[in-house]
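Thanks for coming. I have one structure to show today, and I will go through it piece by piece. Please have a look at it first.

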Amino acid sequence: MENSTPKCVSCNESIALTPEEINIKFQTLKSNFWNINNENKLNRNFVCKNWVSAVKFINDITPIVESINHHPDIQLTNYKYNNIYTFM
């Protein structure tokens with residue numbers, strides 16, 4: 001069965017923001033924790049205490065990303081580092 005929930009605008013690469021628009025929006029975040037990577041994706045690295053807390057972190061954000069239908073790429077590395085990448 002195909003998911004009928006519309007894809008969020010930000011996840012649609014064909015209408016993603018331009019690099020200039022990303023920089024403007026990024027400035028409004030006023031955050032030292034988020035960065036823009038070389039693919040023009042917003043990214044942040046979270047350091048957890050251990051493997052269990054890293055997996056719990058992913059499970060904790062799942063209801064939030066599901067509710068807004070905006071699914072980031074999550075990379076769990078070295079047992080405790082969660083790297084999150086998403087379109088703005």
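I will start with the overall layout, then take the sheet, the helices, the charged pairs and the surface.

What you see is a predicted model. The protein has two helices and four strands. If you read along the sequence, they come in the pattern α-β-β-α-β-β. Of the 88 residues in the protein, 27% are buried. The accessible surface comes to about 6,600 Å², and carbon and sulfur atoms account for 54% of that surface. One more overall number concerns contacts between residues at least 6 apart in sequence: 52% of them join residues that are at least 24 apart.

Now the sheet. In what order do the four strands stand? The order is β1-β2-β4-β3, the sheet is open, and the pairing is antiparallel. As background, strands of a sheet pair through backbone hydrogen bonds, and they can do this either parallel or antiparallel.

Which strands stand at the edges? They are β1, residues 35–36, and β3, residues 73–77. Each of these has a single partner strand, so one side of each has no neighbour in the sheet.

Take β1 and its partner. Two bridges join β1 to β2, and the two strands run antiparallel. Within this pair, isoleucine 36 stands opposite leucine 42 in β2. The two strands form a hairpin, with five residues between them. Asparagine 40 sits in that turn and has a positive phi of about 60°.

Next, β2 and β4. Strand β2 covers residues 42–47 and strand β4 covers residues 81–86. Six bridges join them, again in antiparallel fashion.

Is asparagine 83 buried or exposed? Its relative accessible area is 10%, so asparagine 83 counts as buried. Leaving aside residues up to four places away in sequence, asparagine 83 touches Arg44, Asn45, Asp73, Ile74, Gln75 and Thr77.

The other helix is α1, residues 19–29, and phenylalanine 26 is found there. Phenylalanine 26 has 17% relative accessibility and therefore counts as buried. The C-alpha atoms of phenylalanine 26 and isoleucine 36 are separated by 8.0 Å, with the two residues 10 apart along the chain.

On to the charged pairs. Side chains of opposite charge can pair when their charged atoms come close. How many salt bridges does the structure hold? There are two.

In one of them, aspartate 73 pairs with lysine 41, and the closest N and O atoms are 3.0 Å apart. This pair links distant parts of the chain: aspartate 73 is in strand β3, lysine 41 is in the loop between β1 and β2, and 32 residues separate them. Aspartate 73 is partly exposed, at a relative accessible area of 41%. Lysine 41 is buried, at 12%.

The other salt bridge joins lysine 56 and aspartate 60, whose closest N and O atoms are 2.7 Å apart. Both residues lie in helix α2, and they are four residues apart, about one turn of the helix. Lysine 56 has a relative accessible area of 48% and is partly exposed. Aspartate 60, at 43% relative accessibility, also counts as partly exposed.

Last, the surface. Which residues form a nonpolar patch there? They are Trp51, Val52 and Tyr79, and together they have about 370 Å² of accessible area. Tyrosine 79 comes from the loop between β3 and β4. With 48% relative accessibility, tyrosine 79 counts as partly exposed.

Definitions and conventions. Residues numbered from 1 in each chain as written. Predicted model: local features only at pLDDT ≥ 70, side-chain atom pairs only at ≥ 80, totals over all residues. Heavy atoms only, no water. Pairing = 2+ DSSP bridges. Patch = residues over 30% accessible without salt bridge, like charges linked within 9 Å, V, L, I, M, F, W, Y side chains within 5 Å. Areas by Shrake-Rupley, 256 points an atom, 1.4 Å probe, with all protein chains shown as cover. Salt bridge = Lys/Arg side-chain N within 4 Å of Asp/Glu carboxyl O. Buried < 20%, exposed > 50% of the residue type's maximum accessible area, 1.4 Å probe, protein only. Contact = heavy atoms within 4.5 Å.
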